[in-house]
Amino acid sequence: QAAAPLHPVTVQCQEAQVVVTVHRDLFGTGRLVKAADLTLGSAACLPVAQSAAETIVTFVAGLHECGSTLQMTPDSLIYRTSLSYKPTPSGNLVIIRTNAAVVPIECHYPRKSNVSSNAVQPTWAPFYSTLSAEEKLMFSLRLMNDDWSTERLSNGFQLGESLRLQADVASGDHVPLRLFVDDCVATLSPDRNSSPRYAFIDLSGCLVDGRSDDTTSVFISPRPRQERLQFMVDAFKFAGDDRNLIYITCHLKVSPADQAPNSLNKACSFNKASSLWAPVEGTGDICSCCETGNCP
C-alpha cells in the first residue's frame, strides 16, 4: 500500500532485505516527525533516504542486520525488528509535543517447499507456489552426472545404475541454513499420493531404501556445503508394471546451520558394514528412530 497518513508505515519483505517506508505524518495529525528521530531495530539503524518532498523516510536493512531476531517455526522463518520513534525537543528544549512510538515489523518466509521431478526431467521446479507478497526460499532438486560436477543430460537409467540426486536451497542473505530432505516418494503419476508408491526417504530424513539387502543407497557425507545435500539411490521400477516412467517428489526443508541436527532435522543412511544408522552430521542417536519407525 502507498505510504499515506492512514498507512504511515509500509514494509516490503524482499529475498534478502527488508524495506521500511515511513510517512513523516506518523500519527495522521498533519504534524511531521523529524527523520532523525526515527531508527530501525535494536541497533538503531538510520534511514538511507528521504523523498524529494522530505515527507517519506526509507530504511533498507539485511534480514539479519540492525539487531533483528530470527524465530523458526515448523513452517516459517520469521525475522523480527521494530521501527522506533523517539521525539527530541524542538525549539523549546524543555517540552516535546508527540509521543514516542514503537512499530513491530515481521517478515515471514516459508521454510518448506515441495519439488517435483516432472518425470525426472534434468531441470526440476516447484510444483506449487504460494500466492503472497512474501519472498520464498528457492529450493531445487537435480539429477547429477557421475562426478557431481554438472546436471545429468539424460533422465534414462538402466536397472543396476544409481541415481545421483542433489538438493539445494538458495539462502541469499538469510542466516546460514542447513538443508534436509524430509521425504522422497516415487510414483507412476505426478500425484505423490497415488498408488503404487514407494517412499525411499521417509521418517524425517531416513534413507530407508538403503536398509534393503540389495541396495547401496546412501547420503553423501560430508556435505559439499550446508545448503546442499547429495544422495544416491539405486535405480528401480515397480514390480508387475511394465511402465518405465517414474515420478519422484521430494519434500525439502531448512533449519539454522548453527542448530544441531535432531530427530526432526537429519540425514541418516544405513551402514551395512556396521548394521547401524549413521547421520551425515550430528550424533548417532538422532537416527535411532529410523530403525524403530517411531520418528516424531
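Arg142 is partly exposed, at 23% relative accessibility, where partly exposed lies between buried (under 20% relative accessible area) and exposed (over 50%), computed with a 1.4 Å probe on protein chains only. The model is predicted: local features need pLDDT of at least 70, side-chain atom pairs count only at pLDDT 80 or more, and totals for chains, interfaces and linings use all residues. Residues are numbered from 1 along each chain as its sequence is written, and side-chain values use heavy atoms, leaving out hydrogens and water.

**Salt bridges**
- The whole structure holds eleven salt bridges, each a side-chain nitrogen of Lys or Arg within 4 Å of a carboxyl oxygen of Asp or Glu.
- Arg142 pairs with Glu151 in a salt bridge whose closest N and O atoms are 3.7 Å apart; Glu151 is partly exposed, at 25%.
- Arg192 and Asp183 form a salt bridge at 3.0 Å, N to O; Arg192 is buried at 19%, and Asp183 is buried at 15%.
- Glu291 and Arg211 form a salt bridge at 2.9 Å, N to O.
- Glu291 lies in helix H1 (residues 288-292) and Arg211 in the loop between strands E14 (197-201) and E15 (218-219), so this pair ties together parts 80 residues apart in sequence.

**An open sheet**
- Helices (H or I, at least four residues) and strands (E, at least two) are DSSP runs numbered from the N terminus, and two strands pair if DSSP finds at least two bridges between them.
- Four strands form an open, antiparallel sheet in the order E1-E2-E5-E4; its edge strands are E1 (9-13) and E4 (49-50).
- Five bridges join E1 to E2 (residues 17-23), and Gln12 has Val19 in E2 as its bridge partner.
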